[in-house]
Amino acid sequence: MTTQSFIDGASVPSPTQYDNIDPATGRSIGAVARGGADEVDQAVAAARRAYARWRKTAPAQRSDALGAIADVIDGHRERLALLECEDTGKPLSQARTDIIVAARYFRFYAHAIDSYYGQSIPLGEDLHVYTRREPLGVTGHIIAWNYPMQLLSRAVAPAIAAGNTVVVKPADETPRTATELARLAIEAGLPAGVVNVVTGIGAEAGAALAANPGVDALGFIGSTRIGSEIAHAAAERVVPVVLELGGKSPQIVFADADLPRAADFITKAILQNAGQTCSAGSRLLVEAVVHDELLDLVLERFRRVSIGPGIADRELGPLISRKQQQRVTGLVSGNATGEILCGGGPPEDDELGDGAYFSPTVIDAVDPASEIAQQEIFGPVLTVNSFHDEQEAVELANGTEYALLAALWTRDLSRAHRLAADVLAGQVYVNTYGAGGGVELPFGGFKKSGYGREKGYEALDAVTATKTVVVAL
């Protein structure tokens, strides 16, 4: 079965197709329509027509529509999870969680839009001044491949809740749940044209969406390099853009921390989704006096991780593709200073040989200035460095071009608050780690991790603009 674009309430074929590859086996699981500028033009035109009506609907009506979409996602949870598992390779249980969270986005914004108000400004007795939050129009969203359903839902739900209509370009590798969600939204009663999906290659369909003059705002989730290109495209047309880009997030562990608890979270934060998470805790910074003790705990957990195809629901699935496997292998093998304590390459298991697997890897004492310590690996690879005091810990934590997440592990709450202010990150966790956190928590970064915020009420600010009305009485 071919996965096709979904525009104005119907599937739309394209003249050419490409294969959707299962990363667990290396085999095709179906064809995907290779949409381009023509399909993007159709989708934007459909969204523009729908916007004329959708923007005038009452918030309560939009709230009901989002609630209905959440219900229909729940009703198809297992099928959507299976599609996500096959497309991404992630363990089935993790895919099920992604679908639950996707529905949660629609429920959250269904409630949030009911209490999203403007302000009254007391300028003087002879003036009545108030503000309105108004939708931007047609918003375009280019989605990454690591959490397809979650990322689509967190982009689409606030946008349509606020009265916008949307065009989504899912990742080349993971298009199926995006088109399925658009179809289910129609089933839930959403008017045709409010949500449109164009499948295809990023350099074709994604670039066309970013450059389309009918798109009033852009959102992008992916690499810093492509994010820069999207930002340039937005600047050319002077439209707002939200960029959620890479991360190199530190786990900062002090000697007074609960080390077994920290080790549990450190393991999960880098191995979840095979480390292919922008907010993965990919750097372990540990106080020197407990370095060996903590590392033993982490290594014990890494070495007992089970590996297999997503459908087998092991703890670690494959990377998204052979290309990504080769990239991670190259970064690890090119490491010049650190000591590989476990892993270091694909698993030596003939049954996994056709898939894009990579073993859980710990590299100790890396050079903080080296590529492997500075660049986002996007694999199950944890680098380790020691520090001796708070200042050194902060310097190491802030020593990359990324600033998305950080975690502080300490029983000293004064230290926790001091460092939460000093560490550059869009989210800082203390004695826990959320890998992006909940639907309610504003999410985004500083430096080359991007700008703008998704999630929480701030996502509604990103897809609306303030209009000020001044009335002389």
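A polar contact is a pair of N or O atoms within 3.5 Å; within protein, one must be able to donate a hydrogen and the other to accept it, and residues adjacent in sequence count only if both atoms are side-chain atoms. By this criterion, 11 residue pairs (both at pLDDT 80 or more) are in polar contact between domain 1 and domain 2. The model is predicted: local features need pLDDT of at least 70, side-chain atom pairs count only at pLDDT 80 or more, and totals for chains, interfaces and linings use all residues. Residues are numbered from 1 along each chain as its sequence is written, and side-chain values use heavy atoms, with hydrogens and water left out.

**Domains and their interface**

- Domain 1 comprises 2-245 + 449-472 and domain 2 comprises 250-430, the bounds coming from an automatic or database domain assignment.
- The contact (heavy atoms within 4.5 Å) takes 25 residues from domain 1 and 27 residues from domain 2.
- The C-alpha centres of domain 1 and domain 2 are 31 Å apart.
- About 2000 Å² is buried between domain 1 and domain 2, and carbon and sulfur atoms give 54% of this area; buried area is the accessible area (1.4 Å probe) that two parts lose on being put together, summed over both.
- Between domain 1 and domain 2 there are 0 salt bridges, a salt bridge being a side-chain nitrogen of Lys or Arg within 4 Å of a carboxyl oxygen of Asp or Glu.
- On the side of domain 1 that touches domain 2, the elements giving two or more residues are helix H3 (77-88) and helix H4 (92-112); helices (H or I, at least four residues) and strands (E, at least two) are DSSP runs, numbered from the N terminus.
- The residues of that side of domain 1 divide into 9 nonpolar, 10 polar and 6 charged, where Ala, Val, Leu, Ile, Met, Phe, Trp, Tyr, Cys and Pro count as nonpolar, Asp, Glu, Lys and Arg as charged, and the others, Gly among them, as polar.

**Salt bridges**

- The whole structure contains 26 salt bridges.
- Glu-440 and Arg-104 form a salt bridge through their side chains (2.5 Å, N to O).
- Because Glu-440 lies in the loop between strand S19 (427-430) and strand S20 (446-447) and Arg-104 in helix H4, the pair ties together parts that are 336 residues apart in sequence.
- Glu-440 is partly exposed at 37% relative accessibility, and Arg-104 is partly exposed at 34%; buried means under 20% relative accessible area, exposed over 50%, and partly exposed in between (1.4 Å probe, protein chains only).
- Within helix H8, Glu-229 and Arg-225 are 4 residues apart, so about one helical turn separates them; the closest N and O atoms of their salt bridge are 3.5 Å apart.
- A network of salt bridges links Asp-71, Asp-74, Arg-77 and Arg-107.

- Ser-5, in strand S1 (residues 5-7), is buried at 0% relative accessibility.
- The side chain of Ser-5 reaches the backbone nitrogen of Thr-199 at 3.1 Å.
- Beyond four places in sequence, the contacts of Ser-5 include Ala-10, Ala-33 and Val-197.
- In helix H7 (residues 202-211), the residues Ala-205, Gly-206, Ala-208, Leu-209 and Ala-210 are buried.
- These buried residues of H7 pack against several elements, including helix H1 (37-54), strand S7 (138-142) and helix H8 (224-237).
- Ala-288 is placed in the loop between strand S13 (283-287) and helix H10 (291-303) and is partly exposed, with a relative accessible area of 29%.
- Apart from neighbours within four places in sequence, Ala-288 is in contact with Ser-386, Phe-387 and His-388.
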